Amino acid sequence: TTLLNLLGGRLIQSTVSGSITYNDQPYSKFLKSRIGFVTQDDVLFPHLTVKETLTYAARLRLPKVLTRQQKEKRAVDVIYELGLERCQDTMIGGSFVRGVSGGERKRVCIGNEIIINPSLLFLDEPTSGLDSTTALRTIQTLQDIAEVGKTVITTIHQPSSRLFHKFDKLILLGKGSLLYFGKASEAIVYFSSIGCSPLIAMNPAEFLLDLANGNLTDISVPSELEDKVQMENSETETGNGKPPPAVVHEYLVEAYESRVADTEKKKLMAPLPLDEELKSKVSSSKRQWGASWWQQYCILFCRGIKERKHDYFSWLRITQVLSTAIILGLLWWQSDSKTIRGRQDQAGLLFFIAVFWGFFPVFTAIFTFPQERAMLGKERAADMYRLSAYFLARTTSDLPLDLILPVLFLLVVYFMAGLRLSASHFFLSMLTVFLCIVAAQGLGLAIGATLMDLKRATTLASVTVMTFMLAGGYFVKKVPVFISWIRYMSFNYHTYKLLLKVQYQDIMPTVNGIKTDSGLKEVGALVAMIFGYRFLAYLSLRKMQLHCEA
């Protein structure tokens, strides 16, 4: 996996010695559009269908010169090429969503990469977790890709003998050292020539894995190794008379270096007849985006809404909001704003609304970036889109969905509780709640993006939201000067004040010690939080991205 990451440009470390060249040129970001990389884990959106997944990948990754129709046609071609036509309208699925089979998921991942028609395709254990028939079909697909002139490099986990015979060339590594490089069909012959032959009929892949691990069970011990073991202290022998793994490993490394390494190096170092045009194709340092910034934003916005609408409109979520609204409406049924007691009761209701719609979005938004970290890392590594386009699309695609439930909530509470019956006051209350939600969301995004760890993020958010609630102006009126600054950072405080001002601006000069003036200061504070928290979240993502690239 580490070798694949190095070859694919996914792991760039100053501590790595040696050089990797493509057409005799060093790695450049331009190559991302020519290299496909299928990771070991199937990182896909569970609520998108197979066709939607590949269509969005095509629209983001294929060159700008192609029209939308041409890109979508390419996605359909890949679906038929990989034999996915029967499940193209089925959701991918995940832990809690029923979807396509494991083999189909793996083929979708491969489709995501071959859609750009890469010159070089890397795959990290593409058959792990698949049954032998599905694994064979997957490898057959890769062989078909290789036969049309593409280079396919894959790590493989315990392949069957049928799978093994499909490989053209083989690299066998043991503890990071090279044990064999050459034609896969000649591997058994080579190891037999150095005295390691299978004593019983066995899968060639199992034989090679045993050698790589220094295990000579059911494998002949080379005469040179027997002599060496006998000369050493008898304690170095294992109970069954076989040499220990470390000795086997050392012998295999030495055998390769003395017999094969020099010949293979000469073959590899022989200059290739590359003309300048071929070299120039990979020497460009400029990235090639498949879509403009605006197109990337629009595609990611639509994808975001399609993926998350299932979560937002789950019956569990709707029931949670509506049941809370009905309970509030019954407790504050037709409250009276004309008496002091009635106004105090209404102030309690307004404070609860400010707290509820501050708490709810924070704990929803916290999960945004940590949950999508793997997907973001994978897609950014392939240069599918700019980070700024993703961030803006991700944060704005939530807004239409986030603002539907508060409307239902307020429609129930506002009229059941008998708050001020006027269209202007109702819509101003709605706008205030919207501002609170978007500000609270910003805090959740910032905490999630900064920590990228759900346990730590939820702990910090709990403490922060609790502090903001206590400093919200309802529980404590007179706060000590040295800590009074906290309330100005609390969106609960500003939302509560605004809701009071909307209800009592023309009726009372002060309510619960709060002046009922225009409320522009509170609006300004909430708007500053909306942009400030999001900017902090973006900087955290950018820092994480730079750290990953380094």
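The paragraphs below lead through a predicted model, going from its domains to its strands and then to its helix pairs.

According to the domain assignment, the protein has domain 1 at residues 1-157, domain 2 at residues 184-270 and domain 3 at residues 315-549. Between the C-alpha centres of domain 1 and domain 2 there is a distance of 35 Å.

An open sheet of three strands shows the parallel kind of pairing, and its strands follow the order β3-β4-β5. The edge strands of this sheet are β3, at residues 35-38, and β5, at residues 151-155, each of which pairs on one side only. From one strand to the next, the twist averages 10°. Strand β4, which covers residues 120-124, runs parallel to β5 and is joined to it by five bridges; to find one of them, look for Asp124, whose bridge partner in β5 is Thr155. Helix α4, at residues 102-114, packs on the sheet and touches both β3 and β4, and its direction makes about 165° with that of β3.

The antiparallel kind of pairing can be seen in strand β6, at residues 169-174, and strand β7, at residues 177-183, which are paired over six bridges. Here Ile171 has Phe181 of β7 as its bridge partner. The two strands form a hairpin with two residues between them, and in this hairpin Lys175 takes a positive phi near 50°.

On the side of α2 the contact is made by Lys51, Leu54, Thr55, Ala58 and Arg59, while α3 brings Arg68, Lys71, Glu72, Ala75, Val76, Val78 and Ile79. Sorted by class, the residues of this contact between α2 and α3 are six nonpolar, one polar and five charged.

A further pair is made up of helix α14, at residues 340-365, and helix α20, at residues 454-470, whose axes come within 11 Å and cross at roughly 165°. How are α14 and α20 directed, roughly parallel or roughly antiparallel to each other? Angles over 145 degrees count as roughly antiparallel, and α14 and α20 are therefore roughly antiparallel to each other. The crossing in which α14 passes α20 is right-handed. The residues that make the contact are Phe351, Val355, Phe359, Val362 and Phe363 of α14, together with Thr458, Ala461, Ser462, Val465 and Met469 of α20. In this contact of α14 with α20, eight residues are nonpolar and two are polar, and none is charged.

The last pair to look at is helix α17, at residues 387-402, and helix α18, at residues 404-416, whose axes come within 5 Å and cross at roughly 25°. This crossing angle makes α17 roughly parallel to α18. Pro400, Leu401 and Asp402 of α17 make the contact with Ile404, Leu405 and Pro406 of α18. By class, the contact of α17 with α18 has five nonpolar residues and one charged residue, with no polar residue.

How values were computed. Residues numbered from 1 in each chain as written. Predicted model: local features only at pLDDT ≥ 70, side-chain atom pairs only at ≥ 80, totals over all residues. Heavy atoms only, no water. Axes fitted to C-alpha atoms, helices over the stretch in contact; angles between N-to-C directions. Helix = DSSP H or I, 4+ residues; strand = E, 2+ residues; numbered from the N terminus. Parallel < 35°, antiparallel > 145°, perpendicular 65-115°, else oblique. Left-handed = near helix turned anticlockwise from the far one by under 90°. Contact = heavy atoms within 4.5 Å. Nonpolar A, V, L, I, M, F, W, Y, C, P; charged D, E, K, R; others polar. Pairing = 2+ DSSP bridges. Domains from an automatic or database assignment.
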